[in-house]
There are 2 protein chains.
Amino acid sequence: MVKRVYNFYAGPATLPLPVLEKAQKNLLNFDDTGMSLMEISHRSKEYAKMHTEASSLVRELMGIPDDYKIMWLQGGASSQFYMVPLNLQVGKKPMEYVNTGVWSKKAIKEGKFYGDVKVVASSEDETFSYIPKDIEFSGNTAFAHITGNNTIYGTEYHEWPKVPSDVPLVCDMSSHIMDSVIDSKKFGVIYAGAQKNMGPAGVTLVIVRDDLLERVPENTPTMQKWKTHAEKDSLFNTGPCWAIYICKLSLEHLKELGSVSAMEKINRKKAKILYDVIDSSNDFYKGHAKKDSRSLMNVTFNLPTPELETKCVAEGLARNLVGLKGHRSIGGMRASIYNAMPVEGVQTLVEFMKEFQENNQ
Amino acid sequence: MVKRVYNFYAGPATLPLPVLEKAQKNLLNFDDTGMSLMEISHRSKEYAKMHTEASSLVRELMGIPDDYKIMWLQGGASSQFYMVPLNLQVGKKPMEYVNTGVWSKKAIKEGKFYGDVKVVASSEDETFSYIPKDIEFSGNTAFAHITGNNTIYGTEYHEWPKVPSDVPLVCDMSSHIMDSVIDSKKFGVIYAGAQKNMGPAGVTLVIVRDDLLERVPENTPTMQKWKTHAEKDSLFNTGPCWAIYICKLSLEHLKELGSVSAMEKINRKKAKILYDVIDSSNDFYKGHAKKDSRSLMNVTFNLPTPELETKCVAEGLARNLVGLKGHRSIGGMRASIYNAMPVEGVQTLVEFMKEFQENNQ
């Protein structure tokens with residue numbers, strides 16, 4: 001029996017066991033080619049079939065309309081931080097952002113290389129513990145940018161902000177892509193590094209409405225243009241084939257579970273189990289995010305003292321509950337309970353937390 | 001017994017079987033963590049150990065001096081085509097290139113976005129069948145760029161061009177990195193997409209001399225600067241962890257075989273077996289590259305007619321010799337015999353080629 005733990009890392013993060021088992025089984029011989037998926041030409045028909053299926057699964061599971069392109073790019077969401085303004089800036093219009101944490105700030109920083117950036121709302125005043133309400137984006141701007149889920153602070157948008165009809169809404173969904181059903185038509189651009197809620201590190205899903213591909217300046221280096229990749233179905237150059245393959249297996253698995261709507265139910269159940277224990281702990285466990293902004297994916301909380309937090313992380317580890325240390329910016333603890341985390345993992349965690357509280361309060 | 005073929009694809013390409021077997025064995029449980037390498041935080045000590053070992057192996061196997069940084073980046077060599085001029089252009093100095101084929105031309109195209117490009121030598125006059133002799137780079141230029149091995153045409157530098165002492169030599173080694181011993185001090189920058197001679201697609205090795213990291217303009221987006229990645233040991237953002245891991249296993253395998261010097265002997269032996277059959281075929285097989293420019297890695301040749309070429313590719317495939325079709329730009333056939341191709345693979349190929357000639361001439 002192979003050793004496996006419950007892995008609460010924020011990303012790279014746990015993957016569904018059946019996905020890993022399938023990848024392992026076929027590692028030396030993909031699709032009866034006598035080659036590993038890692039060894040096959042990206043121009044071969046066997047690779048092409050897999051690649052197309054991966055994109056089709058995204059379209060189906062997220063309900064992406066036909067007038068959007070689905071791309072598998074390299075460089076992480078961090079590269080999209082500059083690709084978004086580079087590809088969307090037009091007519092020197094301002095670019096508007098909401099600041100909900102470290103990743104928003106990084107996106108804002110890169111936007112400034114391309115023109116006039118306005119931060120229209122921020123939750124920095126309360127250590128990013130909430131999603132701002134009544135966000136007002138202006139008309140006649142290049143785009144409106146939000147970070148859908150904030151991995152570090154454990155907050156998530158539960159209602160999308162309204163944008164003027166001429167402004168594309170751009171969302172970094174790296175840490176909650178496909179955690180719940182969305183109306184994808186609301187967005188001009190969606191991007192997500194795969195390594196949190198969809199697959200392994202090394203590939204970034206980028207979904208762009210067709211008309212937005214035309215804004216990029218002519219004199220832009222080829223690889224920096226979404227249009228380059230969109231026109232060649234992400235095969236302009238050799239892509240991150242293995243990472244796309246693991247995403248494809250992961251998306252198949254999601255489809256078998258009943259698609260995103262079924263996943264959302266499971267995610268709500270998992271989050272409730274964990275937040276209920278926090279809320280009923282008489283402030284032994286104290287959630288960082290305000291209740292109406294709580295993330296389904298990253299549950300952040302503190303204990304009465306840093307010493308108890310260190311002890312709790314260590315005792316969790318001894319019980320094969322891995323990756324529970326919070327991000328250094330807010331300390332404490334964090335349990336990332338992405339799509340691939342089974343309900344049993346969360347149940348095991350809360351049993352441990354209840355016991356830890358009994359023994360230490 | 002798992003089905004395996006001899007894979008002559010130009011890239012992604014064959015990987016050493018022991019590497020794949022090790023990756024398969026540990027896929028569900030890396031280094032006794034109870035997690036896949038794909039699931040582990042890139043900030044964990046287990047991942048850090050692997051990451052550092054991969055870089056150390058590059059330094060050791062290629063003899064890279066201490067004043068060079070070793071980076072694992074995303075975006076392919078195609079992204080280096082713009083990152084090279086972006087990071088090295090300085091004082092509006094011209095940038096000089098040698099044009100030895102499709103990949104050189106792509107590099108030249110991206111250079112032009114950043115300033116004055118001069119092509120100092122080209123073999124386009126004879127369908128890129130040779131490496132130009134007596135290349136003369138000028139002094140007082142930003143850099144001198146060459147493509148070390150030309151995958152499509154099957155040519156390779158066997159002697160490095162001289163550059164003025166103030167000019168860094170930049171080499172795209174994507175299709176022959178570590179195929180033979182080099183004096184790495186001759187180069188200012190070496191870059192290589194991993195998916196031909198080192199590992200899987202999705203990671204690019206970039207080696208830069210320290211002083212060259214300082215030229216990049218201040219107002220450059222963070223991810224486009226080598227300096228960003230160099231300062232954080234390629235961990236500024238989440239990297240392509242799995243692809244780096246497979247490179248690391250592949251480099252360990254190369255070390256076990258006796259390092260690059262031993263590999264070079266094997267590569268020369270493999271190339272000789274194949275070129276000897278071509279040269280003794282009375283022009284039934286006709287090599288594309290001139291003899292003194294022949295690649296150790298990509299052996300390109302034509303048959304008397306396109307029909308025979310199609311037949312030869314098909315009959316090879318029926319014998320589990322895969323990926324022998326030449327690139328569309330010169331047609332014919334191509335056998336890529338990278339480091340991971342065993343001598344037996346080449347022997348099987350030449351036995352088939354001799355038989356095919358007997359039956360079809």
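## Basis of the model

The model is predicted, and for this reason local features need pLDDT of at least 70 and side-chain atom pairs count only at pLDDT 80 or more, whereas totals for chains, interfaces and linings use all residues. Residues are numbered from 1 along each chain as its sequence is written, chains are lettered from A and ligands numbered from 1 in the order in which they are written, and side-chain values use heavy atoms, with hydrogens and water left out.

## Where chain A meets chain B

The contact, meaning heavy atoms within 4.5 Å, takes 63 residues from chain A and 63 residues from chain B. About 5000 Å² is buried between chain A and chain B, with carbon and sulfur atoms giving 59% of that area; buried area is the accessible area (1.4 Å probe) that two parts lose on being put together, summed over both. On the side of chain A, the residues that lose the most area to chain B are A:L28, A:M38 and A:E39, which together account for 15% of what that side buries.

Between chain A and chain B there are four salt bridges, a salt bridge being a side-chain nitrogen of Lys or Arg within 4 Å of a carboxyl oxygen of Asp or Glu. A:E39 forms a salt bridge with B:R4, and the closest N and O atoms of the two are 2.7 Å apart. There are also 24 residue pairs in polar contact between chain A and chain B, both residues being at pLDDT 80 or more; a polar contact is a pair of N or O atoms within 3.5 Å, where within protein one must be able to donate a hydrogen and the other to accept it, and residues adjacent in sequence count only if both atoms are side-chain atoms.

Helices (H or I, at least four residues) and strands (E, at least two) are DSSP runs, numbered from the N terminus. The side of chain A that touches chain B receives at least two residues from each of α1 (17-25), α3 (76-88), α4 (102-111) and α6 (241-257) of chain A, and α1(A) gives the most, with six residues.

## Two domains in chain A

Chain A is divided into domain 1 (17-256) and domain 2 (259-360), with bounds that come from an automatic or database domain assignment. The C-alpha centres of these two domains of chain A lie 27 Å apart, and 27 residues of domain 1 are in contact with 24 residues of domain 2. The area buried between domain 1 and domain 2 of chain A is about 2200 Å², of which carbon and sulfur atoms give 52%. A:I152, A:D179 and A:L254 supply 22% of the area that domain 1 buries against domain 2 in chain A, more than any other three residues.

Two salt bridges are found across the interface of these domains of chain A.

Three strands of chain A form an open sheet in the order β11-β12-β14, with antiparallel pairing, and two strands pair if DSSP finds at least two bridges between them. The edge strands β11 (286-287) and β14 (333-336) of chain A each pair on one side only. Two bridges join β11(A) to β12 (residues 298-302) of chain A, and A:G287 has A:F301 in β12(A) as its bridge partner.

Over all chains the count comes to 46 salt bridges. A:K105 forms a salt bridge with A:E124, with the closest N and O atoms 2.6 Å apart. This pair links distant parts of the chain, 19 residues apart, since A:K105 is in helix α4 of chain A and A:E124 is in the loop between β4 (117-122) and β5 (143-147) of chain A.
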